[in-house]
Amino acid sequence: MAPVSTIAEIGKHEGQAVTIRGWLYNLRESGKLLFPQFRDGSGIIQGVVPKNAVTPEVFEAVKTLTQESSVIVEGKVRADKRAPGGYELDVANVQVLQRVPESDPYPITPKEHGTDFLMEHRHLWVRSQRQAAILRARAEIIKAARDFFDERGFTLTDPPIITPAACEGTTTLFPVDYFEEQAFLTQSGQLYVEATAMALGKVYSFGPTFRAEKSKTRRHLTEFWMVEPEVAYAQLDDIMELAEGLITFIVKRCLERRHADLKTIGRDISKLEKIEPPFPRISYDDAVKNLQEGHAKGALETKFEWGGDLGSPDETYLSAQFDKPVMVHRYPAKVKAFYMEPDPQRPELALCVDVLAPEGYGEIIGGSQRMASHELLLQRIHEHGLPEEAFKWYLDLRKFGSVPHGGFGMGIERAVAWICGLEHVRETIPFPRMLYRLYP
RNA sequence: UCCUCAGUAGCUCAAUGGCAGAGCAUCCGGCUGUUAACCGGAGGGUUGUAGGUUCGAGUCCUACCUGAGGAGCCA
C-alpha cells in the first residue's frame, strides 16, 4: 500500500502515490468520468476516476458510493489549477469500509438546512467543512490563551467543578445531589483562583462553567468554557493591560495559523488585522454620557440612566463606535459582584472592567480588582444576603497576608464567535448545551 | 417569565377560503473536466396536536406543543 497522507499535507507527495483514509464528501459524475470528493478531517480533495483508467470493479465501487461512506483510497497526487486546494487525486484503488445504504442516506446534504434540523444532527453536522474549520479555530484560540499565560509565568490551577456555594446568585445554579448534601456546578472558578494566586502569584484556570440562566439569545449557553487569570498585587490598570494583551495575542495567532479556516468560515479578515493595542478605555461615566447622546440622536430606544448595568443594545451601540474591543471600567458597585474593590477616589464605583468585542459580539471579558479588606468583604457578604459560613475559606484569604489582586474571565465561546464572525455561539463548541436543548 | 415570528414530502420552501406543488435528497436512464454539476423520468403527504367557524380550512378563530429571534440576566 502507498504511504498514508492527510489531505492537508498531500502537496508534499506531488507526483507520488498516496493512501487517503476518510469519507466520501460528495460525488459528481459526467458519463464515464467520476469526481468523488474525499474528506479526512484535515481537508477535502477531489478524486478523478476515468472509466478507462481503472478496473471495472474500482469504477463501479466509486460510482455507487454514497455520501459519508468510509473509504480508503489509493491514488497519485497531481497539481491542478482547477482544484480549490491545488491538488487532485488520480484514483487507482478504493476500499469501501462501510457503504451508507441508500435506504437510509446521510441526512445532511450539500444543500441548505434549518437550524433545528442541524442542531438535531449536531453529531453529523460537525463533519461539514465550515463546522470543522470553526472547531479548529476554537482549538487554536484555547491553545493561544494557554500559551499566552504559560509563556508569562502563570501556573495553571484547576478549580473544582462541583462547589458547595454560589459565588453570585443562586437562581442560576445547576444543583447536584452530592451524597447527602446539596452541591452546585460551578459558575466561575474565580474564588478558587484567588486562593491559588495567593499561593503561586500568577495563576489561571481553564475549564467549563455552568449557568442555569433562562437566556435564549445568540450569546448564551448554559455550559461554557472560561479562561480566568488571577494575579497577586495586580491593580485594575494591570488587569486591563493583561486583557488587552491576551486578546491581541489570540487574534494574531489565529491570523497566523488558521488563516485558511477563517477564509472557509467566511470571516472578514481585515477586521481582525486592526486588533492592536491600545484598546479604547472609557469610564462608565463617559459611557453613560455617550449612551444618552445616542438616545438623543434616536439611535437607542431607551434613555440610559446612571446607575444601571449596560443592556445588550447599549453594549452594541458603544462597541459599534470602535473597530477594536472597548474596555468600559468603573461601574457602579451596586450592579456588580460583592467581591469587587471600591474605587478609593469614589467608593460608589467598583474597580472593574468589561471588555466589549467589536461588531456587536458583546462582553467577552469581565474582570476586576478584588476586595482586599476582610472587614469590608464581610460587610458585603452580609449586604448581599450570602451565608457567611460558606465564604469562611474565602474570607481567610483576607486574614492571612491580604494583598491587592485582580483578574478576569474570558468566555471562550464568545471569543470564538467574534473571531470567526459567527451568528450564534452554538457553533463554537462541538455539543452546545442551551436552554431547551440537551440533545445530542 | 415576557414580546415577536414560524411549524406543509427525508431537507429547503410554495400554494387568493376551492384538485397538495417545486428544487434538492433517494431510485432508473444520459453525459470524459464536474465545482452545492447538469439533462430526462419515477417513487415519496395524518399540512405540529386538539377543538371551532364554513357548503368547503394548509389558509380564518381558540387552546396547547415544538422551534427560532429578542428582552431581562450574563461571559
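**From the chain end inwards**

The model is a predicted one, in which local features need pLDDT of at least 70 and side-chain atom pairs count only at pLDDT 80 or more, while totals for chains, interfaces and linings use all residues. Residues are numbered from 1 along each chain as its sequence is written, chains are lettered from A and ligands numbered from 1 in the order in which they are written, and side-chain values use heavy atoms, with hydrogens and water left out.

Chain A holds 13 helices and 16 strands, where helices (H or I, at least four residues) and strands (E, at least two) are DSSP runs numbered from the N terminus. The C-alpha trace of chain A spans about 85 × 60 × 40 Å along its principal axes. Of the 440 residues in chain A, 50% are buried; buried means under 20% relative accessible area, exposed over 50%, and partly exposed in between, with a 1.4 Å probe and protein chains only. Among contacts between residues at least 6 apart in sequence, 65% join residues at least 24 apart, a contact being heavy atoms within 4.5 Å.

A barrel is one part of the fold: five strands close in the order β1-β2-β3-β5-β4, with mixed pairing, and the twist averages 55 degrees from one strand to the next. Two strands are taken to pair if DSSP finds at least two bridges between them. Strand β2 (residues 33-39) and strand β3 (residues 44-50) run antiparallel and are joined by five bridges, with Q46 in β3 as the bridge partner of Q37.

Turning to the helices, two packed helices are described by the angle between their axes and the distance between the axes. The axes are lines fitted to C-alpha atoms, for helices over the stretch in contact, and the angles run from 0 to 180 degrees between N-to-C directions. Helix α4 (residues 129-150) and helix α6 (residues 236-257) have axes that come within 9 Å and cross at roughly 130 degrees. The two helices α4 and α6 are therefore oblique to each other, given that angles under 35 degrees count as roughly parallel, over 145 as roughly antiparallel, 65 to 115 as roughly perpendicular and the rest as oblique. α4 passes α6 in a right-handed crossing; a crossing is left-handed if the near helix is turned anticlockwise from the far one by less than a right angle, and right-handed if clockwise. The residues that meet include I141, F148 and F149 in α4 and L242, F249 and I250 in α6. By class, this contact of α4 with α6 has ten nonpolar, one polar and five charged residues, where Ala, Val, Leu, Ile, Met, Phe, Trp, Tyr, Cys and Pro count as nonpolar, Asp, Glu, Lys and Arg as charged, and the others, Gly among them, as polar.

Helix α5 (residues 190-200) packs against helix α12 (residues 392-399) at an angle of about 35 degrees, their axes 10 Å apart, and α5 passes α12 in a left-handed crossing. The contact is made by Q190, L191, Y192, E194 and A195 of α5 together with W393, Y394, L397 and R398 of α12. Leaving aside residues up to four places away in sequence, E194 touches E230, R370, Y394, L397, R398 and H405.

How many of the residues of β14 are buried? Six of the six are, so β14 is largely enclosed by the rest of the structure. In a regular strand the side chains alternate between the two faces of the sheet. Here C352, D354 and L356 point one way from β14, and V353, V355 and A357 the other way. β14 pairs with β13 in the antiparallel sense over four bridges, and six bridges join β14 to β15, which also run antiparallel. D354 stands opposite V328 and has G366 in β15 as a bridge partner.

Some backbone details remain. In the hairpin of β14 and β15, with four residues between the strands, E359 takes a positive phi near 60 degrees. R330, found in the loop between β13 and β14, has a positive phi of about 60 degrees although it is not a glycine, and at 23% relative accessibility R330 counts as partly exposed.
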